[in-house]
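Biologist: I have a model on screen. Please show me how to read some of its features.

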Amino acid sequence: MDHAFYVVQSPPEDPTISPDFTYKMSEAELVKFVRLRAANDALFTGKRNTSVIAWRAILKEMGIHRKMSTSQARKKWENLKKKYKEMKNPPPGITVNPTNWQWFSLMEDAMEGRLNDSESMVSTMSLGEDSDYRPDKPRRRGRDSFRSDIELLVDGEDTGLSGDTGRDLGSDRDDMEHERAMLDSDRSALESERMVLEREKMVLDRERAGLERELAALDRDKASLEREKAAVERDRASVEHERAQLEKKRAEMDRERAKMERDRAALERQRAGIGGDVIDNQEGPEKAAAAAEEEIELASIQRRQKFLDLFEKLIENF
């Protein structure tokens, strides 16, 4: 069997490095990481596999999808949120200064929605194959005391590949289990909300029945008011008719009053003439009797005038 050899130019990796190595982001990368997560919060709907797809899109946008897995990104975000909450709301009796943590203001802007438009939305289309998102983790390599600078490869076989693949699959499985737990929690919450809505529906049905009874009572009251309105309209028509009759009588009284005024004026003139004749000519008792009759007629006219005045006042008060 042919054997291939190559010389390692750099120092060999430390065999004590953990296979669960997590990529450490720079400060600029961490800022972009938080801003992208806040700006793309709508992608994390809680549905199955949505967070994996969203984290892949964010890591690819940052160019570190070969350095950090989706589960590591999720844990990084959860740790940042946990640290922010601890600094924001410390336990009772403990005083902390949030500004001592350099990422506090950044996380506060993210949690309060001030970074929602800080970055563009990432695309979840054409993310490639699953193998494109397996981080290149440091591999554990044995060191031969006789060949410290030479590593033997037999037919290009890489013994660390299966281990990395298993760890990636385990990471994806953890993500799926986490999302399944979230779905179960959401399902329980939805069931509770459904029960609450059912109770509210029963209450609303009872209230609707009560409102329908009140509406029927209002309809009956409306019909009664309509009947009363019709009766009032009839009474009004009767009053208008009586008022018209009174107006006619008033017109007749006005004509009669005018006639009485003319008669009074004539009697006054006659009285004046009779008085002059008595003084000048000293006429007989016949004219005196005529004057007495005129006095009686004048008194009768005055009484009729008073009666008409009283009747007119009565009409006005009506």
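Modeller: We take a helix, a loop residue and a serine in turn. This is a predicted model, where local features need pLDDT of at least 70, side-chain atom pairs count only at pLDDT 80 or more, and totals for chains, interfaces and linings use all residues. Residues are numbered from 1 along each chain as its sequence is written, and side-chain values use heavy atoms, with hydrogens and water left out.

Biologist: How many residues of H2 are buried?

Modeller: Buried means under 20% relative accessible area, with a 1.4 Å probe and protein chains only. In H2, 10 of the 13 residues are buried, including Trp 55, Arg 56 and Met 62.

Biologist: Where is Asn 40, and what does Asn 40 touch?

Modeller: Asn 40 sits in the loop between H1 (27–39) and H2. Its relative accessible area is 0%, so Asn 40 is buried. Contact means heavy atoms within 4.5 Å. Leaving out residues up to four places away in sequence, Asn 40 touches Ser 120, Met 121 and Val 122. Asn 40 and Ser 120 are 80 residues apart along the chain, yet their C-alpha atoms are separated by 8.0 Å.

Biologist: Is Ser 71 buried or exposed?

Modeller: Ser 71, in helix H3 (70–88), is buried at 7% relative accessibility.

Notes
Buried means under 20% relative accessible area, exposed over 50%, partly exposed in between (1.4 Å probe, protein chains only). Helices (H or I, at least four residues) and strands (E, at least two) are DSSP runs, numbered from the N terminus.
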